[in-house]
Amino acid sequence: MQQIGPRVGMRLIHMTHTEHRGSTTYHYYRIQTAWVDRPSEGVRTGSLRCATCGDMVGFRLRSQARAKARQRVWLAIGLIATAALAVLIVITARMISSGSGGESRTLVPAALAVAALIAAVILFPSEDGVTLAPFRGSGPHGFKPMKMRVAWSKPPATDRPVRAEIVFHDADPPAP
């Protein structure tokens, strides 16, 4: 799980290429980390220069409170989906044992609960309050790698040590 504090290491991912070997697909990317202070409240937008290609990549940086709130939302979605799935399993089991024949009615709600649970399991641990800026073509860039656990497990092997060029599109927040 991402620790959310007053500073964040924005991990800009640049996918360099993809290889297909048999039935397996391999994604290759470079990761650069840029440390920046979070705004005291609200959201700041800006751009970070990619060290691999030189493009400016737009981002949204949320305050510590908003980032934690987003993390809590994904946790709540996961817990609600788990509870709903458990209830649907019990209801389906009772329908089957009673022979009422209506167990197919629980299929769609169960599929939705599973989809929500999968989304929560993937997005909850990776939520750090940094996202791509909306309505911009990001090309081969992202702030969350496709295989997050691999990128997090060996950060020294994948991070590219460079001086980050960050430009904020809004005014500096007032000093506390």
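Helices (H or I, at least four residues) and strands (E, at least two) are DSSP runs, numbered from the N terminus. The model is predicted, so local features need pLDDT of at least 70 and side-chain atom pairs count only at pLDDT 80 or more, while totals for chains, interfaces and linings use all residues. Residues are numbered from 1 along each chain as its sequence is written, and side-chain values use heavy atoms, with hydrogens and water left out.

**The helix pair**

Now show side chains between the two helices. From H1, the residues in contact (heavy atoms within 4.5 Å) are Trp74, Ile77, Gly78, Ala81, Thr82, Ala84, Leu85 and Leu88. They meet Pro109, Ala110, Ala113, Val114, Ala116, Leu117, Ala119, Ala120 and Leu123 in H2. By class, this contact of H1 with H2 has 15 nonpolar, two polar and no charged residues. Ala, Val, Leu, Ile, Met, Phe, Trp, Tyr, Cys and Pro count as nonpolar, Asp, Glu, Lys and Arg as charged, and the others, Gly among them, as polar.

Pick out Ala84 in helix H1. Ala84 counts as partly exposed, at 30% relative accessibility; buried means under 20% relative accessible area, exposed over 50%, and partly exposed in between (1.4 Å probe, protein chains only). Across in space, Leu112 is 9.6 Å from Ala84, C-alpha to C-alpha, and 28 residues away in sequence.

**The loop between H1 and H2**

Select Thr106, in the loop between H1 and H2. Thr106 is buried, with a relative accessible area of 8%. Leaving aside neighbours within four places in sequence, Thr106 is in contact with Leu88, Ile91, Thr92 and Met95. The side chains of Thr106 and Thr92 are joined by a polar contact of 2.7 Å. A polar contact is a pair of N or O atoms within 3.5 Å; within protein, one must be able to donate a hydrogen and the other to accept it, and residues adjacent in sequence count only if both atoms are side-chain atoms.

**After H2**

Next, select Asp128, in the loop between H2 and strand E5 (130-132). Asp128 counts as buried at 9% relative accessibility. Its side chain reaches the backbone nitrogen of Val130 at 3.1 Å.

Move on to Phe143, in the loop between strand E6 (141-142) and helix H3 (148-153). Phe143 is buried, with a relative accessible area of 6%. Not counting residues up to four places away in sequence, Phe143 touches Met10, Arg11, Leu12, Ile13, Leu48, Val57, Gly58, Phe59, Val130, Thr131 and Leu132. Of these, Ile13 is 130 residues from Phe143 in sequence and 5.7 Å away in space, C-alpha to C-alpha.

Select Met15 in strand E1 (residues 7-21). Met15 is partly exposed, with a relative accessible area of 24%. His141 lies 6.5 Å from Met15, C-alpha to C-alpha, although the two are 126 residues apart in sequence.

Then go to Ser47 in strand E3 (residues 43-49). Ser47 counts as buried at 6% relative accessibility. The side chain of Ser47 makes a polar contact of 2.9 Å with the side chain of His169.

**The whole chain**

Finally, zoom out. The protein has four helices and seven strands, in the order β-β-β-β-α-α-β-β-α-α-β along the sequence. Of its 176 residues, 32% are buried. Among contacts with a separation of 6 or more, 66% are between residues 24 or more positions apart.
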